[in-house]
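Q: I am new to this structure and would like to go through its helices. Could we look at how they pack?

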Amino acid sequence: MSLTARELLQRLAEDTGVTYPVVAKRVNRMMERGKGLLESVQEIAEENKLNPKKYRIDPVKIVAETEKILREDYTQTLMISAVLGQMVEARGKKRFPPPAFFAFIEMLSMVSDVPRDTKSETSAEIEERTTRIIELMTTLVSLLCEWSEKGVIGVATDCPDSLREVARAVFRKTKLLQGGLWTCISCGNIVEAKETRALMCLDCDKKISSAHSIEDRFESLGGRDRIGYGRTSE
Ligand SMILES: [Zn+2]
């Protein structure tokens, strides 16, 4: 079964005999009009006399793979976090969509006891994992949340019960951001988006010396609500 939107669209392209860019463009347009990812894909499948039930993605499996990657190695997870953190702050096409980033934050809070430096990962490996996480998270939010041309507008009706909390958190934080508010990645307080520094509120920023890298910021991710990830033993 496909796990990411790209894999699913690739399969649909192959099965329909249309090129990937054509299929992707069509699905994008349908989603902009408020259709879900699977709904769009299945509609195109039906038009082509294919069995729509063959085109599915199980969000629970996306979460499982994400957790597996994040548990592999502490340093790797920290570096992935740092890259995504920088990407969500970026502007333009390279920007990591905030809803996908919020989903990633939820995933981070689910992993605990990540082993420290059990292997030395190469930068190519980290890049590969980061790309995979980006695809998994963008796919996940497109499945868990209800979308319209305005972006996330709620929790998808077919969102699995076990992931409703994640979907609600993504929706809530995205809505706040649309209103110019940011949820601090460390303490969880809601502050003016304009007044944040590297995804944190000014108070948390002050606690972490500006000399530190963005990786250090992710050490304290989630703040008081966190029960796992981070250097809790030190
Ligand atoms: Zn804070």
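**Helix packing**

A: This is a predicted model. In it, helices α5 and α6 cross in a left-handed manner.

Q: Which residues make that contact between α5 and α6?
A: From α5 the contact takes Ser81, Leu84 and Val88, and from α6 it takes Pro98, Phe101, Phe104 and Leu108. By class, six of these residues are nonpolar, one is polar and none is charged.

Q: At roughly what angle do the axes of α5 and α6 cross?
A: The axes of α5 (residues 74-89) and α6 (residues 98-110) cross at roughly 155° and come within 10 Å. Angles over 145 degrees count as roughly antiparallel, so α5 is roughly antiparallel to α6.

Q: Moving on, how do α1 and α2 cross?
A: The axes of α1 (residues 5-16) and α2 (residues 20-32) come within 9 Å, with a crossing of roughly 120°. The two helices are therefore oblique to each other. Their crossing is right-handed.

Q: And which residues are in the contact there?
A: Helix α1 contributes Leu9, Gln10, Leu12, Ala13 and Thr16, while α2 contributes Tyr20, Val23, Ala24 and Val27. Seven residues of this contact are nonpolar, two are polar and none is charged.

Q: What about α3: which of its residues are buried?
A: In α3 (residues 37-47), the buried residues are Leu37, Ser40, Val41, Gln42 and Ile44.

Q: Which helices do they pack against?
A: The buried residues of α3 pack against α1, α2 and α7 (123-144).

How values were computed: Residues are numbered from 1 along each chain as its sequence is written. This is a predicted model: local features need pLDDT of at least 70, side-chain atom pairs count only at pLDDT 80 or more; totals for chains, interfaces and linings use all residues. Axes are lines fitted to C-alpha atoms, for helices over the stretch in contact, and angles run from 0 to 180 degrees between N-to-C directions. Helices (H or I, at least four residues) and strands (E, at least two) are DSSP runs, numbered from the N terminus. Angles under 35 degrees count as roughly parallel, over 145 as roughly antiparallel, 65 to 115 as roughly perpendicular and the rest as oblique. A crossing is left-handed if the near helix is turned anticlockwise from the far one by less than a right angle, and right-handed if clockwise. Two residues are in contact if their C-beta atoms, placed from the backbone, lie within 7 Å. Ala, Val, Leu, Ile, Met, Phe, Trp, Tyr, Cys and Pro count as nonpolar, Asp, Glu, Lys and Arg as charged, and the others, Gly among them, as polar. A residue is buried if 20 or more other C-beta atoms lie within 10 Å of its own, exposed if 12 or fewer, and partly exposed in between; C-beta atoms are placed from the backbone.
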